[in-house]
Amino acid sequence: MKARTKITFASLAAMLAMNTALSSTALAEEVKIGMVVTLSGPPAALGQQIVDGFNLALEQNGGKLGGQSVNLIVEDDELKPDVALLKAKSLIERDKVDIVVGTVFSNLLQAIFKPVTQSKTFLISPNAGPSTFAGKNCNPYFFVTSYQNNQNAEVSGMIANEEGFEKVVLMVPNYQAGRDNVAGYKQTFKGEIADEIYTPLGHQDFSSELAKISTEGADALFTFMPGGMGVRLVKQFKATGLGDSMTFTSVFTTDETTLPGQKDAAVGFLSAGNWAPDMKNETNQAFVSAFEETYGYVPGGYAAQSYDTAMLIASALEKTGGKVSDKDAMRKALEAADFTSVRGSFSFSNNHYPVQDFHLLEVAKRDDGQYWTTVKRTIVKDYADSLHDECKM
Amino acid sequence: MSFTLLLIQCLNGLQYGTLLFLIAAGLTLVFGVMGFINLAHGVQYMVGAYLVFAFHQLTGSFLVSVVLSMVAALLFGLLLEHFVFRRLYGRDHLTQVLATFGIIIFLNELAKVIFGPATLSIQPPEFLAGSIQLTEQLRYPVYRFVTILAGLVVAALLYVTVTRTRVGMLIRAGATTPEMVSALGVDVQKLFMIVFGVGAMLAGFAGVIAAPIFAIEPGMGDNILIIAFVVTIIGGIGSIRGAFLAALLVGLFDTLGRTLLTEGLELVFPPSFSTQVGPALASMLIYILMAVILVVRPQGLLPAKGAA
């Protein structure tokens with residue numbers, strides 16, 4: 001018995017040794033990218049878009065980015081900060097990834113930010129863009145390819161000014177991102193705020209809030225209700241017939257992840273955003289049609305930003321000859337953002353947050369029965385976030 | 001706040017209350033009659049919503065899908081009872097909690113595997129889609145009126161069944177002294193199965209009528225389960241009348257609390273403070289109500305007769 005155990009151990013050890021030998025030879029030839037996104041619970045659809053967007057870029061280039069083979073390791077953060085932290089740490093320490101791409105939600109980014117950047121691993125966020133890392137806490141290892149969280153709300157305020165809204169009701173879930181959106185909106189909106197309504201996160205029934213709103217005689221509603229909340233709000237808004245007397249404007253409420261649930265109820269609703277699938281540039285049209293063909297659904301901003309992230313990494317790897325080990329060279333290559341974005345114009349500000357155009361978007365039904373957002377007009381060009389001056393880097 | 005607005009808020013509260021009642025009724029019966037803690041009850045609500053979505057895709061008719069979903073929800077409840085819950089009646093409450101919690105996780109994931117993680121929705125039928133003009137500014141959706149009505153009808157039917165029929169009598173007897181009922185030659189096992197099936201069907205029905213108002217997504221039953229437990233506790237465990245009263249109370253408290261509390265605070269405190277504190281306090285309101293009732297009347301508002 002003893003001898004057998006010994007043999008087993010010996011062969012195990014041999015196998016392990018072989019394994020490490022194999023993987024270390026493999027290491028030299030490929031770049032490892034770890035991805036931390038939410039793939040379970042109700043917001044799983046958002047994380048899935050990010051995975052799909054990135055994979056599309058990989059597939060189109062035969063599993064390579066910038067001529068370099070890429071090993072993509074996807075981890076689910078389960079929408080829990082402690083899980084996100086654990087997964088990010090294991091990506092850095094066990095898998096020894098060169099780049100971490102994540103996350104969907106800002107609070108999870110806060111959780112993984114320190115361990116990733118302190119290990120001098122590049123962290124690129126394809127969606128979460130908290131204002132906390134845009135100002136004096138900006139970091140040389142941190143990049144954002146989406147937006148700074150306040151920007152969409154700021155642009156919404158500008159839209160309200162342009163559309164001539166005088167009285168607006170704001171309604172957001174009662175948590176940090178909700179209150180950030182209210183603050184951002186107030187920064188640019190010049191009219192009167194008729195009311196501020198804060199609902200619980202994951203709110204089910206908006207009937208009492210909508211009844212209250214209907215008595216306030218406002219021109220428009222501005223809201224931020226991502227995911228299922230948005231589906232419920234839009235449908236209930238429509239059912240009360242409020243749409244006849246006021247305009248529905250929002251951010252992250254009527255996008256490609258919620259439209260399959262909202263359908264006709266959302267058609268004509270306005271929002272602010274940095275991208276829409278109908279944007280006319282060539283890169284975008286190729287991206288959208290390839291995405292729909294591969295995954296069978298209309299991509300949203302999450303997928304577009306993720307695709308851009310992959311393209312950004314590709315452009316940087318091409319410049320460095322496929323190496324990430326020279327951190328300064330890699331950073332320079334990333335900062336250059338020398339790729340064609342699906343959004344048209346794209347560059348990085350000094351704080352590694354994007355400088356890009358923002359548009360007024362409108363929900364429309366396509367001829368094939370699918371729903372998507374369309375660009376109505378551009379509101380601001382090359383809009384940098386308001387905190388970049390505070391970043392000393 | 002105008003009178004019509006208050007009226008609308010009361011209607012909203014009533015509508016939420018009747019929905020809660022449909023879920024809590026099954027929960028309180030199963031717990032009261034069988035002494036069985038069924039955390040998976042909220043999942044039945046989700047199952048109902050997904051069923052009506054699936055049948056609506058197949059048949060295209062809302063009314064047909066409602067009927068089919070209720071039959072399917074009943075069958076589903078009976079299957080669960082037969083294969084899983086039957087084995088748990090004799091066990092302690094901790095085992096029941098663990099097992100039924102496992103079912104929640106399993107069914108939530110299953111819904112995601114079958115229907116995908118995205119939020120789904122269905123439209124109410126055409127003739128219920130409009131809204132009624134109450135005053136110049138205020139309208140109320142027809143569909144919500146109908147759900148209030150449906151909830152009240154089911155409540156009345158259930159009440160008559162429990163108090164006036166033979167099955168109802170057995171259920172009440174089974175709740176107090178199951179050994180005696182069994183000794184009198186009644187098949188308690190079968191009785192439990194009926195109670196369980198009906199409970200599952202009611203929760204499924206709640207999911208069905210909620211589907212066009214709310215969105216359909218995995219895990220949608222989890223939050224409402226907690227509220228249903230609150231209703232059960234406030235009403236008195238095992239009591240249908242108690243569940244009805246408590247459901248309406250919780251519905252009204254929650255709805256009116258969310259609108260009146262912030263406004264009320266604004267009369268006394270500055271607006272920035274009120275918008276900070278009001279919403280937070282409003283979401284605690286029903287739990288405060290439950291705590292108060294537990295202190296003042298620990299057995300619940302209308303405890304089932306004979307229960308200790």
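A salt bridge, as I use the term today, is a side-chain nitrogen of Lys or Arg within 4 Å of a carboxyl oxygen of Asp or Glu. By that rule, five salt bridges cross the interface of chain B and chain A, and the count over all chains comes to 22.

Before going further, a word on the model. It is a predicted one, in which local features need pLDDT of at least 70 and side-chain atom pairs count only at pLDDT 80 or more, while totals for chains, interfaces and linings use all residues. Residues are numbered from 1 along each chain as its sequence is written, chains are lettered from A in the order in which they are written, and side-chain values use heavy atoms, with hydrogens and water left out.

As for confidence, pLDDT is the predictor's own score for each residue, from 0 to 100, and chain A has a mean of 90, with 93% of its residues at 70 or more. Residues 16-28 of chain A, however, stay under 50. Where pLDDT is low, the predicted coordinates should not be read in detail.

Let me turn to the interface. Here 35 residues of chain B are in contact, meaning heavy atoms within 4.5 Å, with 35 residues of chain A. The two chains bury about 2900 Å² between them, 50% of it on carbon and sulfur atoms, where buried area is the accessible area (1.4 Å probe) that two parts lose on being put together, summed over both. Of the area that chain B buries against chain A, B:R139, B:F214 and B:R258 supply 17%, more than any other three residues.

One of these, B:R258, also forms a salt bridge with A:E209, with the closest N and O atoms 2.5 Å apart.

A second pair, A:K212 and B:E263, meets at 3.8 Å, N to O, and this pair crosses between chains, from helix α7 (residues 207-214) of chain A to helix α10 of chain B; helices here are DSSP runs of H or I with at least four residues, strands are runs of E with at least two, and both are numbered from the N terminus. Is A:K212 buried or exposed? A:K212 counts as buried because its relative accessible area is 10%, the limits being under 20% for buried, over 50% for exposed and partly exposed in between (1.4 Å probe, protein chains only).

Finally, within chain A, A:D264 forms a salt bridge with A:K365 at 3.9 Å, a link between distant parts of the chain, 101 residues apart.
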